[in-house]
Amino acid sequence: MFSRSALVIFGLLVAEYFAAAWVVGQIGFGSTLLLLLLFMILGVAVTRQQSAGLLVSTLASAADPSTDSSTAVAGRFLGLIAGVLIGFPGFVTTAVGAVLLIPPVRKAVEPRLAARASSWSVPFINRSGSLHDARRPGRRGPSGDGTIIDVDLVDRAHPDGRNAGDVADVPRSARPELG
C-alpha cells in the first residue's frame, strides 16, 4: 500500500513533531524557534565547509586515479550529509546529523559508504583525456583502447518540407546516402 521510504518519512515527521512539542514545553515557543534558527545556521556552515573539502578530495581523486581515496571522499560526503541534516529544521534530524559528525561513528560508517559509493561511480575524463571508470580501473575508453569517436548529429527535413523526426520516417529515396 505505502512504500517503505514513505513510511520512514512519515515516521520521521511524527518523531519531529513530538520532539518539537517536547522542546516547546521545556523552553517555550520563541526559544525553540531561535534554537532551530541557530541549528539551521550551523548546518549551513558545516555544509559549506564539508562541500569545499569534498570538492578538493574529488579533484585529488580525479588527478591521481591510481590512489584509493574513496574513503576520504566518503568521509567528506558523510560530513556533507551531516551538515544538511543539521541544517534541516527539526530536532531529530539535527541529532542524527550531529551523531554523524562524531569521529568514531564516522570511522565506522565511512568504509561502508565507500564500498557503496564505488558501485555508484560514473566514468569521467581524466587529465590525459582518456576515459576513466572507477569500477574498471584498467579500462580507458568505450572500446578499451582510448579511442574517442566524435559524432555530429544532423537534423534532416522531410522532402515535403515538414520535420522528418526520426530517420526511419524518411523514405529511402530521400536518403541518398543510404540509397
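**Packing, piece by piece**

Mentor: Let's begin with the largest nonpolar core, which has six residues in all: Ala74, Leu78, Ala82, Leu100, Leu113 and Ala114. Keep in mind that this is a predicted model.

Trainee: Which helices each supply at least two residues of this core?

Mentor: Helix H3 (70–87) and H5 do. H3 gives the most, with three residues.

Trainee: And what is leucine 78 in contact with, leaving aside its neighbours within four places in sequence?

Mentor: With Leu100, Arg106, Val109, Glu110 and Leu113. Leu100 and Leu113 are core members too.

Trainee: Where do glutamate 110 and arginine 106 lie?

Mentor: Both sit in helix H5 (residues 103–120), four residues apart, which is about one turn of the helix.

Trainee: Are glutamate 110 and arginine 106 buried or exposed?

Mentor: Buried, both of them. Leucine 78 contacts these two residues as well.

Trainee: Let me zoom out for a second. What pattern does the chain follow, read along the sequence?

Mentor: It goes α-α-α-α-α-β-β, so to speak in counts, five helices and two strands.

Trainee: How much of the chain counts as buried?

Mentor: 22% of its 179 residues. As for contacts with a separation of 6 or more, 47% of them come from residues 24 or more positions apart.

Trainee: Okay, changing topic: how do helix H1 and helix H4 cross?

Mentor: The axes of H1 (residues 4–27) and H4 (residues 91–100) come within 7 Å and cross at roughly 100°. That makes the two helices roughly perpendicular to each other.

Trainee: Which residues make the contact?

Mentor: On the H1 side you have Leu12, Ala15, Glu16, Ala19, Ala20 and Val23, and on the H4 side Phe91, Val92 and Thr93. By class, that contact has seven nonpolar residues, one polar and one charged.

Trainee: I also clicked on threonine 32. Where does threonine 32 lie?

Mentor: In helix H2 (residues 29–63). Threonine 32 is buried, with a relative accessible area of 4%.

Trainee: What does threonine 32 contact, leaving aside its neighbours within four places in sequence?

Mentor: Val23, Val24, Ile27 and Phe91. Two of those, Val23 and Phe91, also take part in the contact of H1 with H4.

Trainee: How about alanine 21: what is its relative accessible area?

Mentor: 41%, so alanine 21 is partly exposed. Its place is in helix H1.

Trainee: Last one, threonine 94. Is threonine 94 buried or exposed?

Mentor: Buried, at a relative accessible area of 7%. Threonine 94 has its place in helix H4.

Trainee: And what does threonine 94 touch, not counting residues up to four places away in sequence?

Mentor: Phe39, Leu85, Ile86 and Phe88. Threonine 94 is also 8.2 Å from alanine 82, C-alpha to C-alpha, and the two are twelve residues apart in sequence. Alanine 82 takes us back to the nonpolar core we began with.

How values were computed:
Residues are numbered from 1 along each chain as its sequence is written. This is a predicted model: local features need pLDDT of at least 70, side-chain atom pairs count only at pLDDT 80 or more; totals for chains, interfaces and linings use all residues. Side-chain values use heavy atoms; hydrogens and water are left out. Buried means under 20% relative accessible area, exposed over 50%, partly exposed in between (1.4 Å probe, protein chains only). Axes are lines fitted to C-alpha atoms, for helices over the stretch in contact, and angles run from 0 to 180 degrees between N-to-C directions. Angles under 35 degrees count as roughly parallel, over 145 as roughly antiparallel, 65 to 115 as roughly perpendicular and the rest as oblique. Contact means heavy atoms within 4.5 Å. Ala, Val, Leu, Ile, Met, Phe, Trp, Tyr, Cys and Pro count as nonpolar, Asp, Glu, Lys and Arg as charged, and the others, Gly among them, as polar. A nonpolar core is a set of buried Ala, Val, Leu, Ile, Met, Phe, Trp, Tyr and Cys residues joined through side-chain atoms within 4.5 Å.
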